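Please take me through this structure as a tutorial, with the general idea given before each particular case.

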Amino acid sequence: MSGDAAAVVAAVEAVAERIQAERSHLTDLDSAIGDADHGGNMARGWAEAADAVADLEDPDAQTVVKTAGKTVLSEVGGASGPLYGGSLVFASQELEDGVTPETAVAFAETYLEKVQDRGDASVGDQTMVDALTPAVHTFKKSIETDDLPPLEALAKAVAAAEAGVQFTVPIRASKGRASYLGWRSVGHQDPGATSTLYIMEELLETAADHLDSEVPDVDASSPTIPDAEAAGE
Amino acid sequence: MLPPDSAPRTDMRRSNHRSVFVLPDILAQLTFSLSQTIVNMVMKKLINDSDDVVDEMLDGMTAAYPDMRRLPDTQVLVRDDAPVDGKVGVVSGGGSGHEPTHGGYIGDGMLDGAAAGDVFSSPTADEFEALLDATDSGEGVLAVIKNYEGDVMNFETAIEMVEMEGTDVATVVVNDDVAVEDSLYTSGRRGVCGTILVHKAAGAKAAEGADLDEVQRVAQKVVDNVGTMGMALTSCVTPEKGEATFDLPDDEIELGIGIHGEPGTERTDVMSADEITEELTESVLDDLDLDEGQEVVTIVNGMGGTPLMELFVVNRKLQELIGDHGLETWDAWVGDYMTSLDMEGASITVCAVDEELKELLDAPADTPGLTVQ
């Protein structure tokens, strides 16, 4: 197995463990605004995904991502299956030549685009898009404009996702189950944005392990602000 | 429309409506006290285990209908001869509990296959993917999707996957429910009983040998011309919960209900069959805004727990109202086409038809749920 494929397998396993560990927290967040199944469904789906990628024989990175996505898609079901899993399957196309800073940016952009299209959601709807958008924009700029090392770019992306999760708290939901609460959704942290942040944090940890480095300390005093204008590009 | 509580119950009971929906006071009270005593009791059902109900139903269907088969390790039914050489495939799917929708419409002149989700839950994308794969003869497949978030997202995801492998898929999203704009399960209107007319028209067009664009065009034509509204006399009982999914008092009904027991638009006191029919029909016709003399197909659809006798009572009034509006009924369907488990209630569908749609709806179909000769 190539090095990047092994790292992706490790990342899927790390995500499965993390989601399992946060299962009741995610369910608590969801029960406040939805149908209280996000933690359970995601934990089950990612556990199955970790098993599925562990069973692959000498896969490339693209196959690992596609397999994980397909498993999440069919095991999580509902709307989360297509959003988390379906988007992975679709974005896996960008990893045909393995994982490089360039293909990782393309992957992230395609994933975001797919989530937005599928969920018909934009920044400010109190959804996972609020965490993903700043993360993907920050990652792209850090790699393409600022020429940062990939790990630092990823660390900045995670910090941006964290800011995005906080951004979901004081706004009103206009997509997803929480939107039926209307104004009562204000003050709730979006479970989808939260699980998206967990996934990104595990990607960062795994990438650091893979590159045998420490997770870089990014400057949290100048957080990246979600940019609603740019989201519509 | 009557707002709740606007008419005292006693007034209504003294009215001259001789309706199956109006219970004499004493009977209503008796029913009420009975219902109190059976609260918390598990409903009696012909179900072995709620986890197995869809699986066992599908096996029972293939045992009853040898012209369809089940794809291994899935909840997908297809025509036994799928994919049919040289023909565009027409498929659908959605949560179970709406039988004969959708598997019951598999056969000549209608669907090539259908994916069944768990009760009231969308099939997953891999089930839809298996369905699309099994029904593509190379001419492409039309996916008829009811507008529910889960159905739409999982179908769309499946479509992207098979398109990567070279299968042509066209879609039509049915959103005929005039009752609500957004609901618990949808953005936009829900897809309900009008879907059966889409199955019929698209299936007939595909059977003629038309290409995918043409099949999609006639399906969309039905969607653009159909409206439905439903109501419930009782809630339904899902296998998993084993009790009513919502609480509807014995002397109230729910208008604008969906097919999952999700809330409707308005809860009112019990009305007569004619009054209910009028509420539903007027809502649908208001929405469709048809010209005088327009020919229509009507459907009185039972929700699963209502006897045909009552559906015909509704149809009698429906046809009177159609005439009052200067419309002409070209065909009137009455029966259980898209149900909601054991819910008592009905929906009314009206679809404006032109020569092309009439020809397609009149074309032969041979399926368990609908036969046209």
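**Reading the two chains**

Q: What covers the buried residues of H10(B)?
A: Two residues are in contact if their C-beta atoms, placed from the backbone, lie within 7 Å, and helices (H or I, at least four residues) and strands (E, at least two) are DSSP runs, numbered from the N terminus. In chain B, the cover over the buried residues of H10(B) includes helix H6 (194–207), helix H7 (212–224), strand S10 (295–302) and strand S11 (328–335).
This is a predicted model, in which local features need pLDDT of at least 70 and side-chain atom pairs count only at pLDDT 80 or more, while totals for chains, interfaces and linings use all residues. Residues are numbered from 1 along each chain as its sequence is written, and chains are lettered from A and ligands numbered from 1 in the order in which they are written.

Q: Which residues of helix H10 of chain B are buried, and why do they line one face of the helix?
A: A residue is buried if 20 or more other C-beta atoms lie within 10 Å of its own, exposed if 12 or fewer, and partly exposed in between, with C-beta atoms placed from the backbone. In helix H10 (residues 355–362) of chain B, the buried residues are B:Leu357, B:Leu360 and B:Leu361. Seen down the axis of H10(B), these buried residues fall within an arc of 95° (taken from the directions from the helix axis to the C-beta atoms), so they line one face of the helix.

Q: What radius of gyration does chain A have?
A: The radius of gyration is taken over C-alpha atoms, and the globule rule is 2.2 Å times the number of residues to the power 0.38. For 233 residues a compact globule would have a value near 17 Å, and the 16 Å of chain A agrees with this.

Q: How many residues of chain B are in contact with chain A, and which helix supplies the largest share?
A: In this model, 14 residues of chain B are in contact with 13 residues of chain A. Helix H4 (125–135) and helix H5 (149–164) of chain B each supply at least two residues of the side that touches chain A, and the largest share, eight residues, comes from H5(B).
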